[in-house]
Amino acid sequence: MSAYRMILVGTDGSETSFRAVDRAAQLAAATGATLLLASAYSPMPERERASAADRLGDLAYKVQGSTPADDALRAARERAVAAGARDIQQESVEGDAVDVISRVAKERGAELVVIGNRGLNSLAGRILGSVPANLSHRSPCDVLIVHTTDGK
């Protein structure tokens, strides 16, 4: 078995997702793989966007479109560099997290997807399905589920 050449890690900007980024970056650094940071986002409904624009004024752009995802990717890149990853790419895509990560993995030829375990042990995760559980069934490649929560 050869080493992974393309490792994709999903992040939503949460501390737990950044722990998955750290692990993926360590793997990329150790193997010389390209690290692909991916973030899914949902567009803000027009009524919420207008309300945010009224309340935030000049800062409204921070919550519109892909800006929150792009901010998460910038922070993830900083962590990945600190963990030793050298070849880092990033992509923000509109859509559901599982759909986006699966699609990006297939389109970009990822050989490993890294994701945190948040939601696996929650009641909602058991009933509705969690991102890591659903991704483990739908990913076109290997999936590494990183222990990023304290199990609560």
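Tutor: The account below begins with the strand, then turns to its sheet, the cores and the helices.

This is a predicted model, in which local features need pLDDT of at least 70, side-chain atom pairs count only at pLDDT 80 or more, and totals for chains, interfaces and linings use all residues. Residues are numbered from 1 along each chain as its sequence is written, and side-chain values use heavy atoms, with hydrogens and water left out.

The secondary structure comprises six helices and five strands; helices (H or I, at least four residues) and strands (E, at least two) are DSSP runs, numbered from the N terminus. Along the sequence they follow the pattern β-α-β-α-α-β-α-β-α-α-β.

Strand β1 is mostly covered, with five of its five residues buried. Buried means under 20% relative accessible area, exposed over 50%, and partly exposed in between, with a 1.4 Å probe and protein chains only. Met6, Leu8 and Gly10 point one way from β1, while Ile7 and Val9 point the other way. In the protein as a whole, buried residues make up 39% of the 152 residues.

β1 belongs to an open sheet of five strands in the order β3-β2-β1-β4-β5, with parallel pairing. Two strands pair if DSSP finds at least two bridges between them. The edge strands are β3 (88-94) and β5 (142-146), each of which pairs on one side only. Neighbouring strands of the sheet are turned by 25° against each other on average, direction ignored. Axes are lines fitted to C-alpha atoms, for helices over the stretch in contact, and angles run from 0 to 180 degrees between N-to-C directions. Five bridges join β1 to β2, where Thr34 is the bridge partner of Met6. Three bridges link β1 with β4, and in β4 the partner of Ile7 is Leu112.

A nonpolar core is a set of buried Ala, Val, Leu, Ile, Met, Phe, Trp, Tyr and Cys residues joined through side-chain atoms within 4.5 Å. The largest has 19 residues, and those with the most contacts inside it are Ile7, Val9, Leu35, Leu37 and Val114. The elements that give two or more residues to this core are β1 (6-10), α1 (15-31), β2 (34-41), α3 (67-82) and β4 (112-116). Its largest share, six residues, comes from α1. Apart from this core lies another, of 15 residues, among them Met6, Leu8, Leu36 and Cys141.

Contact means heavy atoms within 4.5 Å. Neighbours within four places in sequence aside, the residues that Leu35 touches include Ile7, Val9, Ala24, Ala28 and Ile88. In helix α1 lies Asp22, which counts as buried because its relative accessibility is 19%. With neighbours within four places again set aside, Asp22 is in contact with Arg79 and Ala83.

Helices also lie across the sheet. α4 (residues 97-108) lies across β1, β2, β3 and β4, running at about 135° to β3. α3 lies across β2 and β3, at about 160° to β3. α4 in turn packs with α6 (residues 131-138) at an angle of about 35°, their axes 9 Å apart. Among the residues making this contact are Val98 and Ile101 of α4 and Val131 and Leu135 of α6.
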